[in-house]
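Visitor: Could you walk me through this model, starting with its core?

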Amino acid sequence: MWRPIQSRRPQIDLVRNKDYSFVKGGRSVNTLKGRVVVSYDKPDCFDRYFNDGWTFGTAKLVSLLGEWYLHISMTKKITDTMDESHPTHLVGLDRGLRFLIAAYNE
């Protein structure tokens, strides 16, 4: 190697209920020195995602400009109302590397 590998933006992937969880009084995160409870700021507009049938998945903890951000993947089961034999509108999305998305619309 010509020079040592350095991380410019520290980040880690966390698994729900193993590496992170939501507990009374904050968020519990697994660290090298054991589990710690940390407080977090959540805008009011995100309250519906914590109550309305959404399930949490893997999260990514990212450091940016001295602040730490937790990006959580979430899913929600919805009723299937589409008639698959006669679609009326199709949109294709291809998520590439580095969060670039290409979209196709008929």
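Visitor: Which residues make up the largest nonpolar core?
Guide: Happy to start there! This is a predicted model, where local features need pLDDT of at least 70, side-chain atom pairs count only at pLDDT 80 or more, and totals for chains, interfaces and linings use all residues. Residues are numbered from 1 along each chain as its sequence is written, and side-chain values use heavy atoms, leaving out hydrogens and water. A nonpolar core is a set of buried Ala, Val, Leu, Ile, Met, Phe, Trp, Tyr and Cys residues joined through side-chain atoms within 4.5 Å, with buried meaning under 20% relative accessible area (1.4 Å probe, protein chains only). Here the five members are Leu14, Tyr20, Phe56, Ala59 and Leu61.

Visitor: Which strand gives the largest share of this core?
Guide: Strands are DSSP runs (E, at least two residues), numbered from the N terminus. Three core residues come from one of them, S5.

Visitor: What is phenylalanine 56 in contact with, leaving aside its neighbours within four places in sequence?
Guide: Contact means heavy atoms within 4.5 Å. Phe56 is itself a member of the core. Its partners are Arg16, Tyr20, Phe22, Tyr49, Phe50, Ile72, Ser73 and Met74.

Visitor: Is serine 63 buried or exposed?
Guide: Serine 63 sits in strand S5. Beyond its neighbours within four places in sequence, serine 63 is in contact with Arg9, Pro10 and Trp68. Because its relative accessibility is 15%, serine 63 counts as buried.

Note on methods: Buried < 20%, exposed > 50% of the residue type's maximum accessible area, 1.4 Å probe, protein only. Helix = DSSP H or I, 4+ residues; strand = E, 2+ residues; numbered from the N terminus.
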